Amino acid sequence: MKETVEQARVRGQPELETAVLAALLARYDHLVQAGYHVNPLLAKPKKSDHYKRMPGKPRQSPARNLLDRFAQRKVGCPALPA
């Protein structure tokens, strides 16, 4: 994606073509979904004799946290930053 944007800048384009941007965003979505498939949510720990209940959500892996940030901060801005 970075290379595509840099090439567009070199050609003097103020923004990416709609078809190119759509293809990049579709690939981005596909990669994030593949990451979620490889890094599923961890199961909540079972209750034990020592702990009657486990409060809160189960911890997530660092990879899962990164995927969540990628999904939440996706930007589809067609303008190329300077």
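Me: How many aromatic pairs does the count come to?
Reply: This is a predicted model. Rings pair here if their centres lie within 6.5 Å. By this rule the count comes to one aromatic pair.

Me: Which residues form the aromatic pair, and is it stacked or edge-to-face?
Reply: The rings belong to Tyr28 and Phe70, 6.4 Å apart centre to centre. Their planes stand at 75°. Planes over 60 degrees apart count as edge-to-face. So the pair of Tyr28 and Phe70 is edge-to-face.

Me: Why does the pair tie together parts that are apart in sequence, and how many residues apart are they?
Reply: Tyr28 sits in helix H2, residues 18-38. Phe70 sits in helix H3, residues 62-72. The pair therefore links parts whose separation in sequence is 42 residues.

Me: Is Phe70 buried, exposed or partly exposed?
Reply: The relative accessible area of Phe70 is 39%. Buried means under 20% and exposed means over 50%. Because 39% falls in between, Phe70 is partly exposed.

Me: Asp29 is in helix H2. How far is Asp29 from Phe70 in space, C-alpha to C-alpha?
Reply: Asp29 is partly exposed, with a relative accessible area of 34%. Along the sequence, Asp29 and Phe70 are 41 residues apart. In space, their C-alpha atoms are separated by 9.5 Å.

Me: What order do the elements of the protein chain run in, from the N terminus on?
Reply: The protein chain has three helices and zero strands. From the N terminus on, the order is α-α-α.

Me: What share of the contacts in the protein chain between residues at least 6 apart in sequence join residues at least 24 apart?
Reply: The chain has 82 residues, and buried residues make up 15% of them. Among contacts between residues at least 6 apart in sequence, the share joining residues at least 24 apart is 61%.

Me: What part of the accessible surface belongs to carbon and sulfur atoms?
Reply: The accessible surface of the protein chain comes to about 7,000 Å². The part belonging to carbon and sulfur atoms is 59%.

Me: Which elements give two or more residues to the largest nonpolar core?
Reply: The largest nonpolar core has five residues: Val5, Ala8, Leu16, Leu21 and Leu24. Two or more of its residues come from each of these elements: helix H1 (2-10) and H2.

Me: Which residues is Leu24 in contact with, leaving aside neighbours within four places in sequence?
Reply: Leu24 is a member of the largest nonpolar core. Leu16, also in that core, is one of its contacts.

Me: What span does H2 reach from its first C-alpha to its last?
Reply: H2 has 21 residues. At 1.5 Å a residue, 30 Å is expected. The span of H2 is close to that, at 30 Å.

Me: Within what arc do the buried residues of H2 fall?
Reply: The buried residues of H2 are Leu21, Leu24, Val32, Gly35 and Tyr36. They line one face of the helix, because seen down the axis of H2 they fall within an arc of 115°.

Me: Which elements are included in what covers the buried residues of H2?
Reply: The face turned away from the buried side of H2 carries exposed residues Ala19, Arg27, His30, Gln33, His37 and Val38. For the buried residues of H2, the cover includes H1 and H3.

Me: How far is Gln33 from Leu67 in space, C-alpha to C-alpha?
Reply: Gln33 lies in helix H2. Gln33 is exposed, with a relative accessible area of 51%. Leu67 is one of the buried residues of H3. Gln33 and Leu67 are 34 residues apart in sequence, but their C-alpha distance is 8.8 Å.

Me: What arc do the buried residues of H3 cover?
Reply: The buried residues of H3 are Arg64, Leu67 and Asp68. What covers them includes H2. They lie on the same side of H3, because around the axis they cover an arc of only 100°.

Me: Which residues does Arg64 touch, not counting those up to four places away in sequence?
Reply: Arg64 lies in helix H3. Arg64 is buried, with a relative accessible area of 12%. One of the residues touched is Tyr36, a buried residue of H2.

Key
Residues numbered from 1 in each chain as written. Predicted model: local features only at pLDDT ≥ 70, side-chain atom pairs only at ≥ 80, totals over all residues. Heavy atoms only, no water. Phe/Tyr/Trp six-rings, centres within 6.5 Å; stacked < 30°, edge-to-face > 60°. Helix = DSSP H or I, 4+ residues; strand = E, 2+ residues; numbered from the N terminus. Buried < 20%, exposed > 50% of the residue type's maximum accessible area, 1.4 Å probe, protein only. Core = buried A, V, L, I, M, F, W, Y, C linked by side-chain atoms within 4.5 Å. Contact = heavy atoms within 4.5 Å. Expected span 1.5 Å × (residues − 1). Arc of directions from axis to C-beta. Areas by Shrake-Rupley, 256 points an atom, 1.4 Å probe, with all protein chains shown as cover.
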